[in-house]
Amino acid sequence: MNTLLLLVSLSIIPLALCVPNPSRLLAGSSPSPVLDINGDKVQVGLNYFVLPVIRGRGGGLYPSNVKQNNTCPRDIIQEVDEVQQGLPVVFTPFDAKKGVVRLSTDLNVRFFTPTICARETIWKLGTYDDKLKQYFMVTGGVEGNPGPQTLSSWFKIEKLGTDYKFVFCPSVCKICKVICKDVGIYSTKDGVRFMALSDTPFRVMFKKTF
């Protein structure tokens, strides 16, 4: 009888009780570092432009209120003109003390330059857009505090051939069920280029600002 009660009790524990799982990140050898366009290691806390690898398909990234009625959070948009580098971002990995941004590691991405949404500069996965049948990237995430309440704010950088891509597949919660998908570009009929989950990843490179 006691065994039955224990099983029943465990079965009703909600997924919200997920806990951070640093062992998945720290076990074994460290993943390879992410490199900028000069071949230098991308550093935690420094500013970098996120730029497209493929020429003629837009420029850098910036936050803008395009499809939402409220002021914040703001959509993350790719510049139409390839010469426009957008706004720089800062990377803060799960273990920021290491000082270097590494592949396959949970991290937060934050626009460095203040915007009208001064307190909402951190990237996150927005709620599902029923009209467009799409998940979009927006600002308004939470930096740090890994766990079930901040799942939408964690991204990873992965290799794509000789290039890089962003992936949404957070592993900061051991038993949480999450979406795992590449981050790409969703283009509207008006030519607006939104960052969104996609089957076609957005090939990017990183350029240090100063």
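Is C176 buried or exposed? C176 counts as buried, at 15% relative accessibility, because buried means under 20% relative accessible area. The model is predicted. Two disulfides, 13 aromatic pairs and five salt bridges are found in the structure, and some of them are described below.

**Disulfides**

- C176 is joined to C173 by a disulfide, with the two sulfur atoms 2.0 Å apart.
- The torsion about the S-S bond of C173 and C176 is about 65°, so this disulfide is right-handed.
- C173 is buried, with a relative accessibility of 4%, and C176 is buried at 15%.
- Another disulfide runs from C169 to C180, with an S to S distance of 1.9 Å.
- The link of C169 and C180 is right-handed as well, with 55° about the S-S bond. Both C169 and C180 lie in the loop between β9 (163–168) and β10 (181–187), 11 residues apart.
- C180 has a relative accessible area of 45%, which means that C180 is partly exposed.

**Aromatic residues**

- F136 is buried, at 2% relative accessibility, whereas Y186 is partly exposed, with a relative accessible area of 24%.
- One aromatic cluster is made up of Y48, F91, F111, W123, F155, Y164, F166, F168 and F206.
- Y164, a member of that cluster, also has the charged end of K159 over its ring, 4.6 Å from the ring centre.

- S153 lies in the loop between β7 and β8 (156–160).
- With a relative accessible area of 1%, S153 is buried.
- The side chain of S153 reaches the backbone nitrogen of V142 at 2.9 Å.
- Leaving out residues up to four places away in sequence, S153 touches L107, N108, W123, K124, G141 and V142. One of these, W123, is also part of the aromatic cluster.

**Salt bridges**

- R55 and E82 form a salt bridge, with 3.1 Å between the closest N and O atoms.
- R55 lies in the loop between β1 (47–52) and β2 (61–64), and E82 in the loop between β3 (75–78) and β4 (89–93), so the pair ties together parts that are 27 residues apart in sequence.
- R55 is exposed at 66% relative accessibility, while E82 is partly exposed at 33%.
- D163 and R203 form a salt bridge, and the closest N and O atoms are 2.8 Å apart.
- D163 sits in strand β9 and R203 in the loop between β11 (193–198) and β12 (204–208), so this pair ties together parts 40 residues apart in sequence.
- D163 counts as buried, at 14% relative accessibility, and R203 as partly exposed, at 32%.
- D199 and K181 form a salt bridge, with the closest N and O atoms 3.5 Å apart.
- This pair also links distant parts of the chain, with D199 in the loop between β11 and β12 and K181 in strand β10, 18 residues apart.
- D199 is exposed, at 67% relative accessibility, and K181 is partly exposed, with a relative accessible area of 32%.

Terms used
Residues are numbered from 1 along each chain as its sequence is written. This is a predicted model: local features need pLDDT of at least 70, side-chain atom pairs count only at pLDDT 80 or more; totals for chains, interfaces and linings use all residues. Side-chain values use heavy atoms; hydrogens and water are left out. A disulfide is a pair of cysteine sulfur atoms within 2.5 Å. Helices (H or I, at least four residues) and strands (E, at least two) are DSSP runs, numbered from the N terminus. Buried means under 20% relative accessible area, exposed over 50%, partly exposed in between (1.4 Å probe, protein chains only). Rings of Phe, Tyr and Trp (its six-membered ring) pair if their centres lie within 6.5 Å; planes under 30 degrees apart count as stacked, over 60 as edge-to-face and the rest as tilted. A charge sits over a ring if NZ of Lys or CZ of Arg is within 6 Å of the ring centre and within 35 degrees of the ring normal. A polar contact is a pair of N or O atoms within 3.5 Å; within protein, one must be able to donate a hydrogen and the other to accept it, and residues adjacent in sequence count only if both atoms are side-chain atoms. Contact means heavy atoms within 4.5 Å. A salt bridge is a side-chain nitrogen of Lys or Arg within 4 Å of a carboxyl oxygen of Asp or Glu.
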